Amino acid sequence: MKTEESKKTYDPFVFWVSASITIGFVVWSIFLPESMNTVINAVFGWTTGNWGWLYLITAFVLVGGCVVLMLGRFGRIKLGLPGDEPEFSDFSWFAMLFGSAIAAGIVFWGPAEPAYHFMNPPPFFGGEAKTAEAGANAMTYSFFHWGLSAWAIFAMLTIPLAHACYTKGLPFKFSSAFYYVLGDRIHGIWGKVLDIFSVFATLGGLATTTGLVALQLSSGLKFQYGVELGPWGIYIIIGILTAIFTLAVYTGIEKGVKLIGDVNMWVFVGVWFFVLIFGPTIFLINLTTNAMGQYLLYFLPMSLYTAPGVEGNWIGSWTVFYWAWWMSWAPFVAVFIARISKGRSIRQTVAATLLLPTLGDFLWYGVIGGTGIKFDVTGTLQEHGVESAIFAIAQNLPMTGVLSIFLFFLITTFFLTSANSAAMSLAMFVSGHETPSRNLRAFWGIALGSVAAVLAGAGSLKAIQTASIAAAFPMMFLLLLVTYGTFKGLIQGEAANDLSSSTTQAETVASKEETTPAASLIE
């Protein structure tokens, strides 16, 4: 017979506070949308205007921390107990990891951002728009926004979380990442506050992506097929997506996320090869190679560039927005990657979370975004918005109709992978269980769709982007804190292991001396 404690499938305090505030936000947005827009825009102006520099420094520090973890002596440490082995094949592991993080975003921004920078050169480079130099610089800045800095945010949070959960037996909650900072206090009020915050950061981050994907699908239907869904179109799309990913997450991680992750990764690679082969192949190879070189050359100055003296808020609208978006995703992405990385070493996990996805982003941007630059789709962006870029590119390639179908599939499945992992992670935040109850997963799936719907209903890409910046502001400070805690915990663990090893050796020597015959000692 089960006890009352064993029946408890979630933390009542964390769940009810998180759920109540989420429902309150949805109600506020529905009945007082202008008030909601005013508040989030004020938050956008304050955070980007006063704290943009700290977003830049934080991301740069995290890249350095990841490099040390990957190349240093801590890299050999296993995320698990000595006998633990990986649960998933390398391909499935990476497919879920890549798809759950920012893969849905690169399908949106991969063709759009390079084209946008091509017609509006970033102030770091300046120069004349729509020239060969502008194209190279546009791709370089796109690489910067989707490169090492983005993935370092996820990797640095994943390591302490996975290490604490698998070696200390801690629950799969965001707060467990702070064990090496707060110790057992994570089981008290501070841990609950961290877990509640992680819920709102995740809701804000994924709502941003949901809104972008809904805009892209709506634009694609209109641009490709002339289908206009009307003012309720965004809600219809979000409703359908929410129903699908809620059902998928209800079935569980192995059946739902793994299957979708494997399929969309193959489609992703297939679309990339198609565009490379049937597009301007040599131009794309040269542009990608050149942009990689410029990225490595200018990584440090771009990482700390605050656009001093430049009119407007370019850094806030681009770099700070991206860094905040990744930070708002960090809690759920880190929990999800930690959940699927049992038995992997720190070096393996950091490399798979930092280097491989960065390379994947470069290749996608270089080919898909480069095609948009070559065929100059900027006119379509000005007329139909940045969400139309991927379909404008398809118009310049053979078999446009078939390619468009695969693009719709790719946009949808990558988003579903992210939404699945987000709903699963939200359920972990409020339960602490590695496999939360189905009802809990379904509730957070519906909550994600609801928040996305009210933000997308604002009808403004800026309003959607602002949500992630507002949600991520405290995350900057928490990421710096967890970076300190990560190295502190690993150093302490290493010292404890050395002490244990020395004690064992001393006991062995003493035991041998006690059993050694006196005659042998004399000899």
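In the predicted model, phenylalanine 178 is buried, its relative accessible area being 1%. Phenylalanine 178 belongs to the loop that connects helix 7 (148-167) with helix 8 (179-182). When neighbours within four places in sequence are set aside, the residues in contact with phenylalanine 178 are Gly183, Ile186, Leu194, Leu478, Leu481 and Val482. One of these, leucine 478, is 300 residues away from phenylalanine 178 along the chain, yet the two C-alpha atoms are separated by 8.9 Å.

The ring of phenylalanine 178 also takes part in an aromatic pair. The structure holds 56 aromatic pairs, and among them is the one formed by phenylalanine 174 and phenylalanine 178, for which the centre-to-centre distance is 5.3 Å and the angle between the planes is 70°. The pair is classed as edge-to-face because its angle of 70° is over the limit of 60 degrees set for that class. Both partners, phenylalanine 174 and phenylalanine 178, are buried.

At one of them, the charged end of arginine 344 sits over the ring of tryptophan 93, at a distance of 3.9 Å from the ring centre. At the other, the ring is that of phenylalanine 283, and the charged end of lysine 374 sits over it, 5.1 Å from its centre.

Serine 18, a residue of helix 2 (residues 12-31), has a relative accessibility of 0% and therefore counts as buried. A polar atom of the serine 18 side chain lies 2.7 Å from the backbone oxygen of valine 14. With residues up to four places away in sequence not counted, serine 18 touches Ile196, Val199, Phe200 and Trp444.

Two or more lining residues are given by each of helix 11 (253-278), helix 17 (389-394) and helix 18 (400-431), and helix 17 gives the most, with three residues.

The loop between helix 17 and helix 18 contains methionine 399, which has a positive phi of about 55° although it is not a glycine. A positive phi of about 55° is likewise found at alanine 307, again a residue that is not a glycine. Alanine 307 is placed in the loop between helix 12 (281-303) and helix 13 (314-317). With a relative accessible area of 11%, alanine 307 is buried, so this residue falls under the 20% limit that defines the buried class.

For the protein chain taken as a whole, the secondary structure consists of 21 helices and zero strands. Of the 523 residues in the protein chain, 58% are buried, and phenylalanine 178, with its relative accessible area of 1%, belongs to this class. Among contacts in the protein chain with a separation of 6 or more, 84% are accounted for by residues 24 or more positions apart.

Note on methods. Residues numbered from 1 in each chain as written. Predicted model: local features only at pLDDT ≥ 70, side-chain atom pairs only at ≥ 80, totals over all residues. Heavy atoms only, no water. Phe/Tyr/Trp six-rings, centres within 6.5 Å; stacked < 30°, edge-to-face > 60°. Buried < 20%, exposed > 50% of the residue type's maximum accessible area, 1.4 Å probe, protein only. Lys NZ or Arg CZ within 6 Å of the ring centre and 35° of its normal. Helix = DSSP H or I, 4+ residues; strand = E, 2+ residues; numbered from the N terminus. Contact = heavy atoms within 4.5 Å. Polar contact = N/O pair within 3.5 Å; in protein donor to acceptor, adjacent residues only side chain to side chain.
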